[in-house]
Amino acid sequence: MSKQNIVICACASRSFISKVQVAELVATLQQAGDNVTIEADLCETAETDLARMRELVTGNIIMGCYTRALRALADRADCSATKYINIRGRKTEQVLKELNIENSADNNEEWQTRRDAALAEINAFAVKVATD
């Protein structure tokens, strides 16, 4: 079990990142033993709540849009992550490979339950305009 702290931006107000992919990543990472936090929109968080942004980013792995964007958001909050991972436009297997995690093809019932819970959380986020 890897026990990394990972924050994933759901990009809730835009469609830059697949919500289903985020949910699948959450399920796989949780099954690998990682602690995963889904943030509705890191762009908005960096704009409206720098303390929360620092809490999310500092010492954690951050997944979301392009790495340059993630770094810029962290810089705005004067903090840094241990790693920034681009999930925009990439296959889940590529993302997981960066963390040395295999994506098991036999997604069991526990994985499906985790995925469904993550997707429900993502779908519950408010969709806002002009936050990026």
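First, some ground rules. The model is predicted, so local features need pLDDT of at least 70 and side-chain atom pairs count only at pLDDT 80 or more, while totals for chains, interfaces and linings use all residues. Residues are numbered from 1 along each chain as its sequence is written, and side-chain values use heavy atoms, leaving out hydrogens and water.

**The whole chain**

The protein has six helices and four strands, where helices (H or I, at least four residues) and strands (E, at least two) are DSSP runs numbered from the N terminus. Starting at the N terminus, the order is β-α-β-α-α-β-α-β-α-α. Here are some overall values:

| Property of the protein | Value |
|---|---|
| Box filled by C-alpha atoms, along the principal axes | roughly 40 × 30 × 25 Å |
| Share of the 132 residues that count as buried | 43% |

Buried means under 20% relative accessible area, exposed over 50%, and partly exposed in between (1.4 Å probe, protein chains only).

**Helix α1**

Helix α1 covers residues 19-31 and reaches 18 Å from its first C-alpha to its last, close to the 18 Å expected at 1.5 Å a residue. That expected span is 1.5 Å times one less than the number of residues. Just after the helix, G33 takes a positive phi of about 100°.

Which residues of α1 are buried? They are Q21, V22, A23, L25, V26, A27, T28 and L29. Their cover includes strands β1 (5-9), β2 (35-39) and β3 (61-64), plus helices α5 (92-97) and α6 (109-124).

**The core**

In soluble globular proteins, nonpolar side chains tend to be buried together. A nonpolar core is a set of buried Ala, Val, Leu, Ile, Met, Phe, Trp, Tyr and Cys residues joined through side-chain atoms within 4.5 Å. The largest one has 38 residues, and I8, L29, M63 and I87 have the most contacts inside it. Helix α1 gives the most to this core, with five residues. Contact means heavy atoms within 4.5 Å. Not counting residues up to four places away in sequence, I8 touches residues including V22, L25, V26, L29, M63 and I87.
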